[in-house]
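We will go stop by stop.

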Amino acid sequence: MKKLTIGSAVYDDFDGIFFSYQSIRLNNQDILDDLDLIVVDNNPESAEGKATLKFCLDARINYIPITSNKSTGLRNHVFKNSKASHTLCMDPHVLFEPNTIKNLINFYEQNPES
């Protein structure tokens, strides 16, 4: 089982997804096998959506296209599709400082009831 799912719901924000997830991948190369990365795309037919799909495929990020409705509640798909015991849902333009993800995983491991 993965240790942490990190996911975002996005609507036409390829740049946000690209930079956030590249930062996660580059800063956590030693624990990538412990991470489950998810992008829920609410406009997959747009040019931004197609670019996001290509990036996710190339980067081995779980890409979930949703066209049935448009709402911020789509972030719930991150939690529904999580493959880890803990899930972090973030906006698609966030950059974490180095060791943030490792520190969060360590916290969960040291505090399993939290």
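A polar contact is a pair of N or O atoms within 3.5 Å; within protein, one atom must be able to donate a hydrogen and the other to accept it. Keep that in mind for the first stop. Remember too that this is a predicted model.

**Stop 1: a serine in a loop**

Select S46. This residue sits in the loop between β2 and α2. Is S46 buried or exposed? S46 is buried, because its relative accessible area is 15% and the cut-off for buried is under 20%. Now show the side chain of S46. One of its polar atoms lies 2.9 Å from the backbone oxygen of N43. The backbone nitrogen of G49 lies 3.0 Å from a polar atom of the S46 side chain.

**Stop 2: the nonpolar core**

Select I6, Y21, L35, V39 and I61. These residues have the most contacts inside the largest nonpolar core, which has 19 residues. Which elements supply at least two residues each to this core? Colour β1 (4–10), α1, β2 (35–41), α2 (47–59) and α4 to see them.

Go back to Y21 and show what is around it. Leave out residues up to four places away in sequence. Y21 then touches I6, G7, S8, L37, I38, V39, F55, I61 and M90.

**Stop 3: the cavity**

Rolling a probe the size of a water molecule over the atoms shows where empty space is left. How many cavities of 30 Å³ or more does the structure hold? It holds one. The largest cavity has about 60 Å³ of space.

To find the lining, select S20, S23, I24, N27, N28, V94, L95, F96, E97, N99, T100 and I101. Colour them by type. The lining divides into five nonpolar residues, six polar and one charged. Then look at the helices. Both α1 (14–27) and α4 (100–110) supply at least two lining residues each. Which of the elements gives the most to the lining? The answer is α1, with four residues.

**Stop 4: a histidine in a loop**

Select H93. This residue is in the loop between β4 (87–89) and α4. H93 counts as exposed, because its relative accessible area is 54% and the cut-off for exposed is over 50%. H93 and G16 are 77 residues apart along the chain, yet their C-alpha atoms are separated by 4.2 Å. Leaving aside neighbours within four places in sequence, H93 is in contact with D13, G16 and S20.

**Stop 5: an arginine in another loop**

Select R75. Look for it in the loop between β3 (62–65) and α3 (76–80). R75 counts as partly exposed, at 38% relative accessibility. Which residues does R75 touch, not counting those up to four places away in sequence? They are A9 and C89. For a distance, pick the C-alpha atoms of R75 and V39. These residues are 36 apart in sequence and 9.2 Å apart in space.

**Stop 6: a glutamate in a helix**

Last, select E109, found in helix α4. E109 is partly exposed, with a relative accessible area of 43%. From C-alpha to C-alpha, E109 and K3 are 9.0 Å apart in space, but 106 residues apart in sequence.

Notes
Residues are numbered from 1 along each chain as its sequence is written. This is a predicted model: local features need pLDDT of at least 70, side-chain atom pairs count only at pLDDT 80 or more; totals for chains, interfaces and linings use all residues. Side-chain values use heavy atoms; hydrogens and water are left out. On a 1 Å grid over the protein atoms alone, a cavity is a set of points where a 1.4 Å probe fits but cannot get out, and a pocket is an open set with protein on both sides within 12 Å along at least five of seven lines; lining residues have an atom within 4 Å of a point. Grid points are joined across faces, edges and corners, and a volume is the space filled by probe spheres set on the points. Ala, Val, Leu, Ile, Met, Phe, Trp, Tyr, Cys and Pro count as nonpolar, Asp, Glu, Lys and Arg as charged, and the others, Gly among them, as polar. A nonpolar core is a set of buried Ala, Val, Leu, Ile, Met, Phe, Trp, Tyr and Cys residues joined through side-chain atoms within 4.5 Å. Buried means under 20% relative accessible area, exposed over 50%, partly exposed in between (1.4 Å probe, protein chains only). Contact means heavy atoms within 4.5 Å.
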